[in-house]
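Please examine the structure below together with its sequence.

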Amino acid sequence: MIFRGTDTVAILLEWIMARMVLHPEIQSKAQAEIDAVVGNSRIVSQSDIPKLPYLQSIVKESLRMHPPGPLLSWARLAIHDVNIGDHFIPAGTTAMVNMWAITHDESIWSEPSEFKPERFMAEDVSILGSDLRLAPFGSGRRVCPGKAMALATVHLWLAQLLQRFKWVPSEGGVDLSECLKMSLEMKNPLVCKALPRC
Ligand code: HEM
């Protein structure tokens, strides 16, 4: 609980902020949405999040391109022989689902290597496990039990970071290379500058 609940949330926010620095027009669009809904006389709060669909689309698109837990089911073992589609899984096998491959598959997603939150404004895709094109928290009986808390935390922190600051690259730029440890981390941690917004 402690490991899964901290590492994944921190890593997802780092990927999202890297994308905000790389795509200033997307960052500005999210800030314009926050300005229109919340203004700048008070800090954005949890109850504002449902009114920020573009911000939610940024989180979905980040989970699609950079799922912190890209391999599902690594803690599960087939206890008897089973067929899944065309695949035979013998008893004793750990068969992992490669969610990263699914979310980067061009037969499922148009322009999968492009960061486009707009795709989720056009189509409302659930990320909670009912749509297997995008299940960054897994699906079924062993789905992530912290997904609601994770999304509440990430949406609120992202909204507050964007409301208060404009995020720009530092001299070294942004490197999107990945490194798979327990979670899918940035190989070179994000370094950027925060400029206060008036
Ligand atoms: C963005 C944040 C998070 C992501 C992307 C994420 C993703 C995942 C994934 C992919 C799994 C495995 C599902 C499977 O094998 O099918 C999982 C399991 C789990 N997650 Fe999360 N998670 C996040 C946040 C959290 C938080 C905040 C908590 C707790 C407060 C948490 C607790 C757990 C636990 C306990 C499991 C193991 C469940 C089991 O094996 O039955 N996670 N998570």
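This is a predicted model: local features need pLDDT of at least 70, side-chain atom pairs count only at pLDDT 80 or more; totals for chains, interfaces and linings use all residues.

Residues are numbered from 1 along each chain as its sequence is written, and side-chain values use heavy atoms, with hydrogens and water left out.

Me: Which residues come nearest to the ligand?
Reply: A residue is near a molecule if one of its heavy atoms lies within 4 Å of it. There are 18 residues around the ligand. Those that come nearest are Ser73, Arg76, Pro136, Arg142 and Cys144.

Me: How many Å separate an oxygen atom of the ligand from an N or O atom in the side chain of arginine 76?
Reply: A polar contact is a pair of N or O atoms within 3.5 Å. For arginine 142, an N or O atom of the side chain is 2.6 Å from an oxygen atom of the ligand, and for serine 73 a backbone N or O atom lies 2.9 Å from a ligand oxygen. For the side chain of arginine 76, the value is 2.5 Å.

Me: Is lysine 60 buried or exposed?
Reply: Lysine 60 is found in helix α3 (residues 53–65). A polar atom of the lysine 60 side chain lies 2.7 Å from the backbone oxygen of valine 125. Buried means under 20% relative accessible area, exposed over 50%, and partly exposed in between, with a 1.4 Å probe and protein chains only. Because its relative accessible area is 12%, lysine 60 is buried.

Me: Is leucine 77 buried or exposed?
Reply: Leucine 77 is placed in the loop between β1 (71–72) and β2 (82–84). Since its relative accessible area is 52%, leucine 77 is exposed.

Me: With which residues is leucine 77 in contact, leaving aside its neighbours within four places in sequence?
Reply: Contact means heavy atoms within 4.5 Å. With the neighbours within four places in sequence left aside, the residues in contact with leucine 77 are Gly92, Thr93 and Thr94.

Key:
A polar contact is a pair of N or O atoms within 3.5 Å; within protein, one must be able to donate a hydrogen and the other to accept it, and residues adjacent in sequence count only if both atoms are side-chain atoms. Helices (H or I, at least four residues) and strands (E, at least two) are DSSP runs, numbered from the N terminus.
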